[in-house]
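Subject: Structure handover and notes

Hello,

Here is the structure for your files. My notes on what was found in it follow below.

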Amino acid sequence: GAGFIGSHFVDHMLAKYPQCRIVVYDKLNYRGNMDNLKQAEKNSRYAFVKADICDAQAVGETIEKHKIDVIANFAAETHVDRSIMDPDAFIKTDVYGTYVLLEAVNKYKLERFHHVSTDEVYGQVMTGASKETDSFEARSPYAASKAGAELLVFAYFTTYGTPVTITRGANNIGPRQYPENAVPLFCTNAIDDLPLPMYGDGRQVRQYQYVMDHVEGIETVLLKGEVGQAYNCGPDSETPNLVMATRMLELLGKPASRIKYVADRPGHDRRYCIDSSKLKALGWKPGHSFEQALKLTVDWYLDNEWWWRKI
């Protein structure tokens with residue numbers, strides 16, 4: 001909840017639902033940032049617990065103390081490059097941590113466990129678009145840890161009847177994203193007239209979605225989704241990384257020569273593309289085009305140097 005997507009979910013739910021109470025449970029690793037919760041801290045229906053989802057005792061105590069009835073699991077090690085260098089942390093948090101939460105859901109008979117996953121579980125998709133019934137072909141330790149977590153979630157539904165739902169999000173961009181991911185890294189580098197390191201030929205394709213569109217997708221599944229089901233959540237547009245970087249430089253008035261090609265990442269997926277028609281059938285639709293999402297993101301990093309410079 002102190003991370004990127006989770007903190008936006010917290011702000012959204014507190015603002016929209018007067019009856020909603022939110023307890024952020026976060027161990028505050030390097031991406032966890034209490035600055036992300038400044039808005040929530042003003043709300044009497046918000047509470048914070050600093051603890052690890054791998055700590056079953058702390059999870060249980062928090063559920064009992066705050067009378068939790070729904071868990072939305074945003075907790076994860078997420079950066080692919082780091083997963084290549086240090087897979088251990090990803091397996092512990094993404095897989096074992098999910099197991100601990102599922103056990104707690106069963107023990108305390110909670111109403112719902114919602115698991116936030118990623119389109120990367122499908123692996124690279126060279127043609128067409130991935131549907132929820134497609135097989136997993138994870139190609140990085142990060143993607144494998146998220147796929148493993150999903151398999152556990154579905155196993156608990158089948159074996160124990162645990163009330164679970166899953167969303168698989170496309171690449172998120174927007175305010176408060178830690179500046180090691182491509183978009184905030186490129187943006188902050190460009191602001192400082194530093195090179196933008198572009199992997200390989202820069203023609204890897206992603207579906208960049210504004211973070212609030214993803215948050216509203218998660219909200220939709222919590223309210224209307226069918227238990228035991230997964231839902232893709234992404235925009236219809238596809239954007240090569242090189243185009244993303246070029247558009248960003250144009251918005252900032254910086255030259256394209258800032259792009260510097262570097263050796264490609266090992267096992268770099270060439271293309272992700274998901275079909276979100278199942279989620280759209282519940283009434284959700286993306287509210288921002290790629291161009292709108294990128295401009296909102298760039299404007300925020302321009303206006304909020306206080307947030308990222310100290311990081």
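Predicted model: local features only at pLDDT ≥ 70, side-chain atom pairs only at ≥ 80, totals over all residues.

Second largest pocket

The second largest pocket holds about 930 Å³ of space. Its lining is made up of 32 residues, and R21, I22, V70, I71 and A72 are the ones closest to the pocket centre. By class, the lining of this pocket has 21 nonpolar residues, six polar ones and five charged ones. Which elements supply at least two residues each to the lining? They are the helices α1 (4-16), α2 (56-66) and α7 (211-224), together with the strands β1 (22-26) and β3 (70-73).

Aromatic contacts

A search of the whole structure gives 10 aromatic pairs. In one of them, Y208 and F290, the ring centres are 6.0 Å apart and the planes stand at 40°, so this pair is tilted. Are Y208 and F290 buried or exposed? Both of them are buried.

The pair of W300 and W307 has its ring centres 5.3 Å apart and its planes at 70°, so W300 and W307 are edge-to-face. W300 has a relative accessible area of 17% and is therefore buried, since buried means under 20%. W307 is also buried, at 2% relative accessibility. W300 and W307 form one aromatic cluster with Y301.

There is also a contact between a charge and a ring. The charged end of K278 sits over the ring of Y231, at 4.7 Å from the ring centre.

Cysteines

How many disulfides are there? The count is zero, with a disulfide taken as a pair of cysteine sulfur atoms within 2.5 Å. For C233, the nearest cysteine sulfur is that of C273, 14 Å away, so C233 is in no disulfide. Seen from C273, the nearest cysteine sulfur is that of C233, again at 14 Å, and C273 is in no disulfide either. C233 has a relative accessible area of 0% and is buried. C273 counts as buried too, at 8% relative accessibility.

C233 lies in strand β10 (residues 229-233). From C233 to P163, the C-alpha distance is 20 Å, with the two residues 70 apart in sequence.

Backbone angles

Two residues with positive phi may be worth a look when you go through the backbone. R176, a residue other than glycine, has a positive phi near 70°. R176 is found in the loop between β6 (171-173) and α6 (182-191), and with a relative accessible area of 13% it is buried.

D193 is not a glycine either, and its phi is positive at about 60°. The loop that holds D193 runs between α6 and β7 (196-199). Is D193 buried or partly exposed? D193 has a relative accessible area of 40%, so it counts as partly exposed, a class that lies between under 20% for buried and over 50% for exposed.

Other positions

K38 is placed in the loop between β1 and β2 (46-50). At 41% relative accessibility, K38 counts as partly exposed. The C-alpha atoms of K38 and S7 are separated by 9.6 Å, and the two residues are 31 apart along the chain.

N106 is part of helix α4 (residues 87-107). N106 has 25% relative accessibility and counts as partly exposed. Between N106 and T220 the C-alpha distance is 23 Å, and in sequence they are 114 residues apart.

Regards

Conventions
Residues numbered from 1 in each chain as written. Heavy atoms only, no water. 1 Å grid on protein atoms, 1.4 Å probe; cavity = no way out; pocket = protein on both sides within 12 Å on 5 of 7 lines; lining within 4 Å. Points joined across faces, edges and corners; volume = space filled by probe spheres on them. Helix = DSSP H or I, 4+ residues; strand = E, 2+ residues; numbered from the N terminus. Nonpolar A, V, L, I, M, F, W, Y, C, P; charged D, E, K, R; others polar. Phe/Tyr/Trp six-rings, centres within 6.5 Å; stacked < 30°, edge-to-face > 60°. Buried < 20%, exposed > 50% of the residue type's maximum accessible area, 1.4 Å probe, protein only. Lys NZ or Arg CZ within 6 Å of the ring centre and 35° of its normal.
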